[in-house]
Amino acid sequence: MIVVMKPGASEEDIQHVVQLVQEYGLKENVIRGTDRTVIAAIGDKRSVDKGAIENAPMVEKVMPILAPYKMASTEVKKERSQIKIGPKQFPVGGRKIAMIAGPCAVENEDQIFRIAEAVRQAGGIGLRGGAYKPRTSPYSFQGLQEEGLKLLAEARKRTDLAIVTEVISVETVDQVCEYTDVLQIGARNMQHYALLEAVGKADKPVLLKRGLSSTLDEWLLAAEYIINAGNPNVILCERGIRTYEDYVRNTLPLAAVPALQARTHLPVLVDPSHGTGHAYLVPPMCRAAIAAGADGLIVECHNDPEHALSDGAQSITPQALLTLMGKLKRIAEAIGKEA
Ligand code: PEP
Ligand code: MN
């Protein structure tokens with residue numbers, strides 16, 4: 001349930017409610033808005049006397065949270081969340097469109113440094129690149145692992161870009177945290193609940209991709225696992241879903257962007273690379289995603305897509321990224337944003 005405080009409630013009034021919530025055996029989460037504070041009380045509320053809380057000083061009302069996901073819901077927090085990433089604390093969410101780009105996988109020093117420089121020059125804020133790759137086949141390139149993480153950290157030093165890289169196991173969360181700025185949870189692991197709880201205990205923002213055949217509710221409940229474990233900094237990423245269509249690798253449902261924004265305050269990114277599987281479809285779908293209101297994009301970009309060790313077919317070149325950014329600026333402007 002949500003306890004909405006009256007505007008002007010003091011810290012003492014807020015702490016009083018927090019104490020009541022704790023006495024009822026619920027977990028409190030205090031969300032401070034610009035004009036009022038709300039306290040989300042999460043847990044088994046059968047034994048709670050709602051009236052008693054409603055009577056506390058400076059409480060305006062007590063309401064149930066109807067969505068199955070609680071902390072991720074717009075019912076609990078109306079203002080859109082902004083999450084800061086990387087050494088420069090670039091914002092994800094808000095007026096400025098966040099562009100994160102880079103190869104599917106880190107392959108070698110020359111490759112990642114070249115691409116990092118191109119992403120920086122194009123105006124990106126983040127460098128993506130897998131060091132641990134969750135491949136469909138056990139015979140495919142599995143990533144450079146810790147060596148790849150070290151190269152990413154070096155690329156950050158050179159460019160100040162925020163590093164976004166995937167973590168695929170509970171055992172490697174601490175290691176990946178040492179090198180990265182954002183922990184990516186891949187589509188295949190969206191319902192790996194032990195992993196969600198592990199990144200929920202980490203002190204890095206999490207980029208949570210949508211599962212290949214997950215509904216929005218399942219996805220938001222996966223985000224809820226992370227938030228409930230203690231990490232409120234979750235960024236959602238639509239990366240396409242499985243359908244019968246075969247002209248694309250996945251079908252990219254852009255209606256998910258406004259639909260999510262109606263349900264959650266978390267920032268929403270779109271990944272048109274995995275969302276289509278074809279480089280020629282990436283720029284138009286990036287443009288469409290921004291027009292639909294996405295907070296940013298994550299795009300696969302490779303200096304030599306034809307020889308990429310993974311996902312070359314869906315990787316755009318640095319030149320294409322630069323051209324794309326120019327077009328995104330105009331679209332962003334048309335909808336009151338900035339790219
Ligand atoms: C990736 O980002 O390289 C990746 C494996 O994505 P997804 O989990 O969306 O398939
Ligand atoms: Mn990929």
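Student: In this predicted model, what spacing do the donors of the manganese ion (ligand 2) follow along the chain?

Tutor: The protein donors are Cys 104 (SG), His 274 (NE2), Glu 300 (OE) and Asp 311 (OD), lying 2.1 to 2.4 Å from the manganese ion (ligand 2). Along the chain, the donors of this ion follow the spacing C-x169-H-x25-E-x10-D.

Student: Is Met 71 buried or exposed?

Tutor: Met 71 sits in the loop between β4 (59–63) and β5 (83–85). Buried means under 20% relative accessible area. Because the relative accessible area of Met 71 is 9%, Met 71 is buried.

Student: How far apart in space are Met 71 and Pro 232, C-alpha to C-alpha?

Tutor: In sequence, Met 71 and Pro 232 are 161 residues apart. In space, their C-alpha to C-alpha distance is 8.3 Å.

Student: Which helices each supply at least two residues of the negative patch?

Tutor: The negative surface patch is formed by Glu 109, Glu 146, Glu 147, Asp 174 and Glu 178. Glu 109 is found in helix α3 (residues 109–122), and at 48% relative accessibility this residue counts as partly exposed. The helices that each supply at least two residues of the patch are α4 (146–159) and α5 (173–179).

Notes: Residues numbered from 1 in each chain as written. Chains lettered and ligands numbered in written order. Predicted model: local features only at pLDDT ≥ 70, side-chain atom pairs only at ≥ 80, totals over all residues. Heavy atoms only, no water. Patch = residues over 30% accessible without salt bridge, like charges linked within 9 Å, V, L, I, M, F, W, Y side chains within 5 Å. Areas by Shrake-Rupley, 256 points an atom, 1.4 Å probe, with all protein chains shown as cover. Salt bridge = Lys/Arg side-chain N within 4 Å of Asp/Glu carboxyl O. Lys, Arg positive; Asp, Glu negative; His and termini not counted. Charge placed at Lys NZ, Arg CZ, Asp CG, Glu CD. Helix = DSSP H or I, 4+ residues; strand = E, 2+ residues; numbered from the N terminus. Buried < 20%, exposed > 50% of the residue type's maximum accessible area, 1.4 Å probe, protein only. Donors = N, O, S within 2.8 Å, 3.2 Å for Na, K, Ca; no water.
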